[in-house]
Structure formats: structure tokens, C-alpha cells
Amino acid sequence: MLNKYKIVKDIPRMLRNFSCSKHLRSEELFVHRDSKDNNPSTPFEFTEANMTRLCAIIQNYPEGCQRSALSAALDIVQRQIGWIPISAMHKVAEILSMPRMRVYEWATFYTMNKRRFRGKFNVKVCVTTPCMLRGSDIILQAVEEATCCCAGSLSADGMFGVDTVQCQGACANAPVIAVDDDYYEDVNVCDVYNIIQTLKCGGIPPWGPQNGRFAAEPITGQTSLCECPPPPGFGIQPDLLQASTPKPGK
Ligand code: FES
């Protein structure tokens with residue numbers, strides 16, 4: 001009896017704290033509910049230039065496979081008006097002769113599809129492990145303060161929409177924030193304020209690593225791959241090299 005009590009008493013000591021990134025509610029990801037600004041009657045038409053662009057993309061695919069242009073079509077919608085209302089999804093389904101449900105599936109699966117207006121500048125803060133270990137919590141806090149906007153919402157003037165996102169594929173330059181298509185890497189709190197301030201003033205902040213290094217190279221300069229690469233044929237057996245050399249007159 002005494003042993004049993006001892007085991008139960010020791011259990012709390014074996015539990016460890018853990019933390020996890022903020023989770024999005026499933027409703028945010030998958031469910032559409034008609035609203036004043038986003039319903040099947042929301043006006044949407046492709047501009048002439050974008051329609052021409054879309055037709056050119058569709059022609060890249062064989063007859064009957066025009067639905068392969070779905071991703072490009074939704075991207076064009078998003079670049080035209082900044083987000084993808086459900087009426088635009090219907091328009092795309094009509095142009096590509098495919099069921100609306102297939103378009104919904106695509107639009108809800110890929111998180112880069114914005115199904116609500118996310119501001120003139122959509123600031124995305126990466127919160128996955130490498131960025132988290134490099135201080136993404138503090139970066140997120142700085143972004144929220146600089147834009148006066150909490151993650152998941154819009155600033156009062158509609159200029160900024162802040163979102164937390166998962167790995168942006170630039171972990172070697174963590175922590176990373178992205179503003180629309182541009183990546184700002186190796187950011188610190190000061191960089192965040194500068195970037196947001198430049199955007200507010202109508203400027204374009206220089207994208208890429210903010211600490212002065214080139215791409216993902218070490219900040220102290222390259223330590224490998226410093227020589228010129230060997231020429232074609234390097235390391236191939238001499239016999240094979242001879243056999244593959246074209247004979248004169250052939
Ligand atoms: S974890 Fe942030 S870019 Fe990969």
C-alpha cells in the first residue's frame with residue numbers, strides 16, 4: 001500500500017512542461033460562411049490583362065486538362081484584389097469547367113490562399129521550431145506592436161493584416177517574417193520596427209537577411225566552396241570520357 005502511494009505521488013515529477021505554437025481553429029481553415037463582403041454575389045471579374053494571362057496559362061495544358069491551371073487562376077485572383085472571395089472561386093470553376101467543390105478543396109487546403117482580406121500588407125510571422133528557437137515570440141510581439149494589430153486580425157486602417165504561419169522554408173535565416181511575397185530574414189526587434197515604419201511611409205524595405213550576410217552564407221564569409229568548380233567531365237574514368245567525346249565529322 002505504501003509503495004502504491006509512493007508511485008502515485010511521484011507521477012507529477014515525471015511530467016514535463018511543453019509548449020506549442022498557436023493553433024488555428026479549424027473553422028478558420030475550412031469553413032466558409034456567407035458574410036456581407038464574401039458571398040456568391042460579391043462582385044468579381046478578371047481584368048482584361050489577367051484574363052489574357054489566364055488564357056495563356058490554360059493553353060499550356062492538353063485539351064480536357066484545363067483544370068490543371070487552377071492554382072495559377074487562384075493566384076491571379078489573389079494578386080488582382082488581394083484575396084479570394086467565394087464568387088471568384090465560382091468564376092474560376094466556370095472558366096476551368098470543373099465542379100465548384102474542387103476549387104473549394106484547393107482554396108482551403110493551401111494556406112497561401114487568402115480567403116479573407118488580409119490588409120494592404122499581409123505580414124506573416126513564422127512560428128515553427130527553428131524560428132521559435134530564434135525568438136519568433138518576441139518578433140511576433142514586435143510586429144503586433146508596430147502594426148497595432150493582433151495576429152489573425154487587421155489593423156484599424158486596413159493597412160496591415162498579421163498572421164502566424166508555419167515554416168517558410170528559410171530556417172537557415174531564422175527568425176523570418178514575410179510581407180506578401182518578400183522575405184525578411186535574420187530579423188531582430190529593431191528590424192521589425194524599421195520594416196513596418198518603411199512600409200507605413202510608402203517605401204519598400206530591402207528584403208533578404210537583415211544582418212548583412214549574403215543569403216544563408218556565414219556572416220563571417222564563405223568557409224567552403226571557395227575555389228572555382230571543376231570543369232565538365234571531372235572525376236569520370238578516362239575510357240568513359242573518350243567514348244562520350246563526339247568523333248570528328250559526326
Ligand atoms: S521554421 Fe521559420 S522558416 Fe523554417
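Helix H3 (residues 48-58) packs against helix H4 (residues 70-81) at an angle of about 165°, and the two axes are 10 Å apart. The model described here is predicted. Because angles over 145 degrees count as roughly antiparallel, H3 and H4 are therefore roughly antiparallel to each other. The crossing in which H3 passes H4 is right-handed. On the H3 side the contact is made by Asn50, Arg53, Leu54 and Ile57, which meet Ala72, Ala73, Ile76 and Gln80 of H4. By class, the residues of this contact of H3 with H4 divide into five nonpolar, two polar and one charged.

This pair belongs to a chain of 250 residues, whose secondary structure comes to ten helices and five strands. Of the residues in the chain, 22% count as buried. Among the contacts in the chain with a separation of 6 or more, 58% are accounted for by residues 24 or more positions apart.

The strands come next. Strands of a sheet pair through backbone hydrogen bonds, in either the parallel or the antiparallel sense. Here five strands form an open sheet with mixed pairing, and their order is S2-S1-S3-S4-S5. The edges of the sheet are S2 and strand S5 (208-209), each of which pairs on one side only.

How do S3 and S4 pair, and over how many bridges? Their pairing is antiparallel and extends over three bridges; alanine 178 stands opposite tyrosine 183 in S4. The hairpin of S3 and S4 has two residues between the strands. Aspartate 180 lies in this loop, between S3 and strand S4 (182-185). In the hairpin, aspartate 180 takes a positive phi near 50°, in a residue other than glycine. Most residues other than glycine have a negative phi, and most peptide bonds are trans. Aspartate 180 is partly exposed, since 14 other C-beta atoms lie within 10 Å.

S4 also pairs with S5, in the parallel sense and over two bridges. Tyrosine 184 stands opposite glycine 208 in S5, and glutamate 185 has proline 209 in S5 as its bridge partner.

The peptide bond that joins alanine 174 and proline 175 is cis, with omega about 0°.

H8 lies across strand S1 (121-126), S2 and S3, and runs at about 160° to S1. In the loop between helix H7 (129-133) and H8 is glycine 135. Glycine 135 counts as partly exposed, because it has 16 C-beta neighbours inside 10 Å. Although glycine 135 and asparagine 188 are 53 residues apart in sequence, their C-alpha atoms are 8.5 Å apart in space.

H8 has a helix partner as well. Two packed helices are described by the angle between their axes and the distance between the axes. For helix H8 (residues 136-147) and helix H9 (residues 189-200), the angle is about 30° and the axes are 9 Å apart. That angle makes H8 roughly parallel to H9, because angles under 35 degrees count as roughly parallel. H8 passes H9 in a crossing that is right-handed.

Which residues of H8 and H9 meet? H8 contributes Ile138, Ile139, Ala142, Val143, Ala146 and Thr147, while H9 contributes Val189, Val192, Tyr193 and Ile196. The residues of this contact of H8 with H9 divide into nine nonpolar, one polar and no charged.

Cysteine 148 is not a glycine, yet its phi is positive, at about 55°. Is cysteine 148 buried or partly exposed? Cysteine 148 counts as partly exposed, because it has 13 C-beta neighbours inside 10 Å.

Technical notes
Residues numbered from 1 in each chain as written. Predicted model: local features only at pLDDT ≥ 70, side-chain atom pairs only at ≥ 80, totals over all residues. Axes fitted to C-alpha atoms, helices over the stretch in contact; angles between N-to-C directions. Helix = DSSP H or I, 4+ residues; strand = E, 2+ residues; numbered from the N terminus. Parallel < 35°, antiparallel > 145°, perpendicular 65-115°, else oblique. Left-handed = near helix turned anticlockwise from the far one by under 90°. Contact = placed C-beta atoms within 7 Å. Nonpolar A, V, L, I, M, F, W, Y, C, P; charged D, E, K, R; others polar. Buried ≥ 20, exposed ≤ 12 C-beta atoms within 10 Å, placed from the backbone. Pairing = 2+ DSSP bridges.
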